[in-house]
Amino acid sequence: MGDSIMLHPSWLEPLKAEFDSPYMAALRSFLVAEKAAGKRVFPAGCDWFRALDLTPLEEVRVVILGQDPYHGAGQAHGLCFSVKRGVRVPPSLVNIYKELESDLGHPPPPHGFLEHWARQGVLLLNAVLTVEMGMAASHQGRGWERFTDAAIRLVNAKPQPVVFMLWGSHAQKKAAFVDSIERGGRHLVLKAPHPSPLSAHTGFFGCRHFSKANAFLKEQGLEPIDWRLPEASHLPRDSETGAA
């Protein structure tokens, strides 16, 4: 983490104090030590801030919060719930696709690559941005949560209304400070159980968050999100090679 950070300038400047802070220096030292010890850290360093690089602050229209990156080889690439093309679609994303089809009629794509959403203003942010291979939650409590809280606060401060789609108790607690319409604010906060197979049937299915988000954006005079995901063969070439 330093001058080579791959992060859109709209985020880099307001987050400068976070990068210069003692907790971030400690996090940096921890990650360097983990790699020096031969541990594999996911995603690749160039993708740690991928969500903030693909979705400029001024373009954020929807926020979806995840918890940890996937800890299997070849999965994580910096966007919550998303996996690289060619990787089996994880169970939670399978359920997200089921709800998307039920809500808007979009059939599930044969891949789990969500970059198309990110490029339209959907911030796909995990609370923790790295993980050790095969060790779920291994980098929790190391400082990432404070950093991603700062990013969410920047979105919350935007004068333009934003939709927060909060799935599961962890996401709902993390964004509890958002100025929601229910509390006299300007942002639409949509809550549902996590799409995990363990909880999807308790209220995630049928939540209709995708259509509700677009209806709200239209009411605010903003462009709705095209939630359809293109086939891999139709994706832009620069997406196909790298950014996963």
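A disulfide is taken here as a pair of cysteine sulfur atoms within 2.5 Å. The model is predicted, so local features need pLDDT of at least 70 and side-chain atom pairs pLDDT 80 or more, whereas totals for chains, interfaces and linings use all residues. Residues are numbered from 1 along each chain as its sequence is written, and side-chain values use heavy atoms, without hydrogens and water.

**Cysteines.** By the 2.5 Å rule, the count is 0 disulfides. Select Cys46: it belongs to no disulfide, and the nearest cysteine sulfur, that of Cys80, is 18 Å away. Cys207 is buried at 7% relative accessibility, while Cys46 is partly exposed at 44% (buried: under 20% relative accessible area; exposed: over 50%; partly exposed: in between; 1.4 Å probe, protein chains only).

Select residues 188–192, strand E6, where 4 of the 5 residues are buried. Strands (E, at least two residues) and helices (H or I, at least four) are DSSP runs numbered from the N terminus. Met165 has Leu190 of E6 as its bridge partner.

**Helices H5 and H9.** Finally, select residues 91–104 (H5) and 209–219 (H9). On the H5 side, the contact (heavy atoms within 4.5 Å) includes Ile96 and Leu100; on the H9 side, it is made by His209, Phe210 and Ser211.

Notes:
Pairing = 2+ DSSP bridges. Axes fitted to C-alpha atoms, helices over the stretch in contact; angles between N-to-C directions.
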